[in-house]
Amino acid sequence: MKRYIFTLLFPVFSCLLVYAQPFNVKKASKAVLTLKTFKADGTLLASSNAFFVGEEGCALSSFAPFRGADRAVVIDAQGKEWPVEAMLGANETYDVAKFRVDVKKPQGLTVAQQTLSTGSEVWVLPYLEVKKVPQGVVRRVEKFLGDNAYYTVALQMPETMGYCPLLNAEGAVVGLMQAPSSAADTLNYAVSACYADSLRITGLSMNDRALRSTNIKKALPAELDQALLAMYIGVQSLDSAAYAVMVDDFIAAFPTSPDGYAYRAQLKVDADDFKGAQQDMEQAISVADKKDEAHYNYARLIYQKEVFKSQLPFEPWSYEKAYQEVGEAYALNAQPIYRHLQAQIRYAQKQYDDAFAIYQELLGSSLRSAEMFFEASRCKEQLKDTTAQLALLDSALAQFSRPLLQEAAPYLLARAQARLDAGKYREAAADLNEYEPLMRSRLGANFYYIRYQAEVGGRLFKQALDDIQKAIDLLPQYDLYYAEKASLEVRVGLYDDAIATARQCIDVAPDHSDGYLFLGLAQCLKGEKTEGIKHLQKAKELGDEQADDLIAKYAQ
């Protein structure tokens, strides 16, 4: 019984008393900070405690204040204020964050590497109130994520001391105190400072849910390969302003890497600053270990500018300049991908014979693929060599095993269009029949209209009527489809159907002539010439030139 009573009373007495500390409290207190976060409009979002660790301007705190924040500052005990420069890591589950402050060699706490044992004395270092340093005893140690400690501590402290540092007898920080539910709590909790200090930014951190929930800038990883991964993710996930800052940070951190200059050059091209982009790419070539890759990237940038921004001339850049740059790359390292860019450049210059010659070479290389056959076919299309064009498209599809999967769909569609243009209507319809099940969920009215045209050309009238009706069902307000259907119904002698379809066409577009033309024609063919000529006259009034000949023919 006596032991039981002692167990109950001990934490109460120990948490109510404040003992002398074995470390220099005044010195250690210089590390404790107030953290304030703000919304974009400057409104205060949250306030909490934080503290410096080490001498590099790194600090630890709760993560919660950063959620939704656009800006943050820390304030020390002397009232000095510094901006939070970047997030270094975060964990929502344990509510901890690590960040960097724009300050030189602050007074930081040492992070204890050893886990405390039960019964160890600890102190909570507050912000400002250095004469009131709560002392307690570790009552329980639980492990999480490996060997990290979650402490239950017998002590009392004000509610305002959440996320203040928990120190051991040597003055090293062992944990971040969580905020108590009330000042009367005699047991409080701390999460390992060693764990919080171990938080690191990696290349994949750009997709981390916690870090994405704050608008504070994220630091780049310290390793080049991880920083490059972060840049790759950042271009897809960040807004343009944040990404531009990221690129500048990358160049500052890795000044001898050509990638940063290439990324910034792309941003400058997007902003029409071609001179600046030229300077960055020349710098990229200058610092690059692999000169061929830098020349290739420069050539590709020029090529893209000439393709998409040809209306904005920049004298030093041209397709020929791009061809020369990639030629430099190929001379240094004969990679097929460099020749491929040369083929694309020659195609853009409308030098189709030269482009095709390069494609022929590439078809015997490691780049042999459906895409390469397709690009070669485009050269023959421009040269009006339909036979060679279709043969190359056949070869493109021959790169896939059957049954065909969705990756083959673009080439089926390309061959179908080429066959349609060449008057090979039934073959075109056959390609479109194969295309349909591969892309069913993405098919729109235009697909069924194209197949309708192939089927009409191939005299597959029943299938054509079915497809034009599908087009109507998908786009019921487009009067062209009703006119096409009515025209085909007249052609195959379905006059009553043509009359019904033409009336639908008029309902959709009463100011267009097509509905009246086919309604009048169907009525005349059915023998209802009086009504038919009246509708043909309406088509004539609306500007249809065919109506005159039909009126003359059926008015006799």
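Helices H17 and H19 are roughly parallel to each other, and I begin with that pair. The model under discussion is a predicted one. In it, H17 covers residues 445–457 and H19 covers residues 479–491; their axes come within 12 Å and cross at roughly 25°. Since angles under 35 degrees count as roughly parallel, the assignment follows. The crossing of H17 and H19 is left-handed.

Which residues make the contact? From H17 they are Ala-445, Asn-446, Tyr-449, Tyr-452 and Val-456, and from H19 they are Leu-480, Tyr-481, Glu-484, Leu-488 and Arg-491. By class, this contact divides into 7 nonpolar residues, 1 polar and 2 charged.

Let me set beside this a second pair, H5 and H6. Helix H5 spans residues 224–237 and helix H6 spans residues 240–253; they pack at an angle of about 165°, with their axes 10 Å apart. That angle makes H5 roughly antiparallel to H6, because the cut-off for this class is over 145 degrees. The crossing of H5 and H6 is also left-handed. On the H5 side, the contact is made by Leu-224, Ala-227, Leu-228, Ala-230, Met-231, Gly-234 and Val-235; on the H6 side, by Tyr-243, Met-246, Val-247 and Phe-250. The contact of H5 with H6 comprises 10 nonpolar residues, 1 polar and no charged.

I turn now to helix H14, residues 386–398. How far apart are its end C-alpha atoms? They are 18 Å apart, and this agrees with the 18 Å that 13 residues should span at 1.5 Å a residue. Buried in H14 are Ala-388, Gln-389, Leu-390, Leu-392, Leu-393, Ala-396 and Leu-397. In general, an α-helix has 3.6 residues a turn, so residues three or four places apart point the same way. The partners against which the buried residues of H14 pack are helix H12 (352–362), helix H13 (370–382) and helix H15 (409–421).

The loop between H14 and H15 contains Pro-403. Arg-402 and Pro-403 are joined by a cis peptide bond, with omega about 5°. As background, most peptide bonds are trans, and most residues other than glycine have a negative phi.

Tyr-163, although not a glycine, has a positive phi of about 70°. Arg-459, likewise not a glycine, has a positive phi of about 60°. Where do they lie? Tyr-163 is in the loop between strand S9 (148–154) and S10, while Arg-459 is in the loop between H17 and helix H18 (461–474). Is each one buried or exposed? Tyr-163 is buried, with a relative accessible area of 8%, whereas Arg-459 is exposed, at 56%.

Leu-166 counts as buried because its relative accessibility is 0%, and the cut-off for buried is under 20%. What does Leu-166 touch, leaving aside residues up to four places away in sequence? The contacts are Val-122, Trp-123, Val-124, Val-153, Ala-172, Val-173, Val-174, Gly-175, Met-177 and Ala-190. Finally, Leu-166 and Asn-49 are 117 residues apart along the chain, and 12 Å separates their C-alpha atoms.

Key. Residues are numbered from 1 along each chain as its sequence is written. This is a predicted model: local features need pLDDT of at least 70, side-chain atom pairs count only at pLDDT 80 or more; totals for chains, interfaces and linings use all residues. Side-chain values use heavy atoms; hydrogens and water are left out. Axes are lines fitted to C-alpha atoms, for helices over the stretch in contact, and angles run from 0 to 180 degrees between N-to-C directions. Helices (H or I, at least four residues) and strands (E, at least two) are DSSP runs, numbered from the N terminus. Angles under 35 degrees count as roughly parallel, over 145 as roughly antiparallel, 65 to 115 as roughly perpendicular and the rest as oblique. A crossing is left-handed if the near helix is turned anticlockwise from the far one by less than a right angle, and right-handed if clockwise. Contact means heavy atoms within 4.5 Å. Ala, Val, Leu, Ile, Met, Phe, Trp, Tyr, Cys and Pro count as nonpolar, Asp, Glu, Lys and Arg as charged, and the others, Gly among them, as polar. The expected span of a helix is 1.5 Å times one less than its number of residues. Buried means under 20% relative accessible area, exposed over 50%, partly exposed in between (1.4 Å probe, protein chains only).
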